[in-house]
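Here are a few notes to go with your first look at this model. Have the viewer open while you read.

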Amino acid sequence: MNAGLILAADSATSQNNPLLNMSIFLAFVAVTMFVVIRASKNNKSAADYYTGGRSFTGSQNGMAIAGDYLSAASFLGITGAIALSGYDGFLYSIGFLVAWLVALLLVAELMRNTGKFTMADVLSFRLHQRPVRLAAAISTLVVCFFYLLAQMAGAGGLVSLLLGISDKVGQSLVVAVVGVLMVVYVLVGGMKGTTWVQIIKAGLLIAGAAIMTVWVLALNGFDLSHLLAQAQTISTSLPEKAYDALVPGHKYGANPLDFISLGLALVLGTAGLPHVLMRFYTVPTAKEARKSVVWAIWLIGIFYLFTLVLGFGALVLVGPSVIEKAPGGVNSAAPLLALQLGGPILMGIVSAIAFATILAVVAGLTITAATSFAHDIYANVIKRGTVTPNAEVKVARRTVLVIGILAIAGGIGVQGQNIAFLVALAFAVAASANLPTIIYSLYWRGFRTRGALWSMYGGLASSIILIALSPVVSGTPTSMIPDANFAIFPLNNPGIVSIPLAFALGILGSVLPGGKKENSWLASEMDVRSLTGHGAEKEVHH
Amino acid sequence: MSSADIPQKEQHRIDYPAFEASPAFVQLKKRHRSFVIPVLVAAMLWYLLYVILATYASAWMATPVFGVINIGLILGLLQFVTTFAITSWYVSYANKKLDPLAAELRHELETKQKAGVA
């Protein structure tokens, strides 16, 4: 690494042009707002607001799923992790990708056939409505909230790099702006508008990553092994903490069980993420739901292959010490690589894309949480299904405002927290609280209400309690509360304990004697409908 | 369980338990499960094997194969390849074996429902 480069990156914030970054970002907001307003013209019914009238095609929805899934944690986080930890960053992307097979093979089509608006629709289909719906809605809200906080923390961190704002007031202001924009998108556009924002964002993100990937490869004579060899040379000759970037174990070698735990949470979490599940309702049929997952798998997989090149590219072209010292730390690897390749303009574009990414993901999470509150908790649990769809949508809109305020307050509170931790927590909670019940209710006739409640509440509680007692929260210098030590659970990720526990609780609660009797007619109906698509919610025509 | 809990009342006219036991539906269910469950279990075991090798056998993963490309990189990229391959395999299986039968049964149910309502 040459001295000029270090200087360049040291002055990254001054050399990078906040005005340029702002205008690129504002252009994105203007274009998407225009699309959202146009798309919202047909928002009449509840199905329009929650699912975009179920009128998206499989390929459009696949793009939107990729837009939802490729959050800032994927783009900035994985690129940075590969740049600083080499192979171990790659392990993340593999877990995130393979996870889609669970969604494709077990969940997507059957959920589309049996549900209406939310995950709870499917879980409570043949079990006792109110308790199961309430549990499913609570876990939906918890998962969305953690995911939301992670994105908001990312927004604050990114801004310190982009706009050169490093004081707390400025960052908080930006978090508030993100929150207000998100509320406007979701209130005006509903699911249709949100979906278009995600489609546009996914296109920009994948195109931006593709251009940078080709650029990095071109600098290496389109020879991947040339790039990898340089990465190996640089990482093995670092003055401190030398390691081999092409070999796993740099980051997780010290605690292998922790990585297995994380790997389980990643691979089983995706198919339990409520905002991903809700996307299956925006298409007209189960076949289109399958098509959307297939599109998503290809787009996400190809994107992760790009991040492999980008991560090693940042390691070679920018260098680990420069990335570590930059404002934003590990998350700044991708923008710094863009600066190195194409100067301030490319960095501005890449940073604006990353910012847009946060905005789109946050909008998707908000509409999911608001739908779950209005449709599950308000309309079905509190009002016992006696609400008109219009009144329900009104509640959903008010909920969006409340979530906006909570997200802004929480986002300001978590500034500087570890983003990857919050995302991994959301995945671990989704894998423990949601996935066992989803699989059992679709595939196991003997599954009963008590099993569902034990599994959902048990998975939710155990994953959150274990996180609270883990080294992420206390006991080490990098913990959230570094001065206290109540970390009696040795792993950073609770998955290896809480996921099998939730699966076991689902079985125990169902087979032990006692508990309420189930309706076997409904179970037959669910079985028939889930596989044939008979009686599935239809597309809305205008 | 009250009648208000039943999502669409008119569908109650169809005898779902009898339909569920019909040979054509049993066959559809068997075709679906006999594909998705074993394939998913295999994919998960293959992923788990990879994660365990990456954590407990990293020295072996470092063995070079061609130039700097080592076993770990090849196995990692193979995870991508198997994910893409399983996706394509399932799509072609579903198009050939699941969709036509599901469409036939759906048609049959819709006919029954119309007859029941009329």
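1. What share of the 542 residues of chain A count as buried? The answer is 65%. Keep in mind that this is a predicted model.

2. Chain A has 21 helices and zero strands. Its radius of gyration is 23 Å, close to the 24 Å the globule rule gives for 542 residues, so chain A is as compact as a globular protein of that length. Along the principal axes, the C-alpha trace of chain A spans about 75 × 50 × 45 Å.

3. Take contacts in chain A between residues at least 6 apart in sequence: 81% of them join residues at least 24 apart.

4. Now for the core. The largest nonpolar core holds 234 residues, and Ile300(A), Ala314(A), Leu337(A) and Ala426(A) have the most contacts inside it. Helix 16 of chain A (residues 333-382) supplies the largest share of this core, with 30 residues. If you click on Ile300(A), look for its contacts beyond four places in sequence, among them Tyr69(A), Leu97(A) and Trp100(A).

5. Helix 17 of chain A (residues 389-413) is worth a look too. From first C-alpha to last it reaches 35 Å, close to the 36 Å expected at 1.5 Å a residue. Its buried residues include Glu392(A), Thr399(A), Ile403(A) and Gly411(A).

6. Lastly, the two chains meet: the contact takes 47 residues from chain A and 48 residues from chain B. On the chain B side, helix 4 gives the most, with 18 residues. By class, that side has 30 nonpolar, 12 polar and six charged residues.

Note on methods. Residues are numbered from 1 along each chain as its sequence is written. Chains are lettered from A and ligands numbered from 1 in the order in which they are written. This is a predicted model: local features need pLDDT of at least 70, side-chain atom pairs count only at pLDDT 80 or more; totals for chains, interfaces and linings use all residues. Two residues are in contact if their C-beta atoms, placed from the backbone, lie within 7 Å. Helices (H or I, at least four residues) and strands (E, at least two) are DSSP runs, numbered from the N terminus. Ala, Val, Leu, Ile, Met, Phe, Trp, Tyr, Cys and Pro count as nonpolar, Asp, Glu, Lys and Arg as charged, and the others, Gly among them, as polar. A nonpolar core is a set of buried Ala, Val, Leu, Ile, Met, Phe, Trp, Tyr and Cys residues joined through C-beta atoms within 7 Å. A residue is buried if 20 or more other C-beta atoms lie within 10 Å of its own, exposed if 12 or fewer, and partly exposed in between; C-beta atoms are placed from the backbone. The expected span of a helix is 1.5 Å times one less than its number of residues. The radius of gyration is taken over C-alpha atoms; the globule rule is 2.2 Å times the number of residues to the power 0.38.
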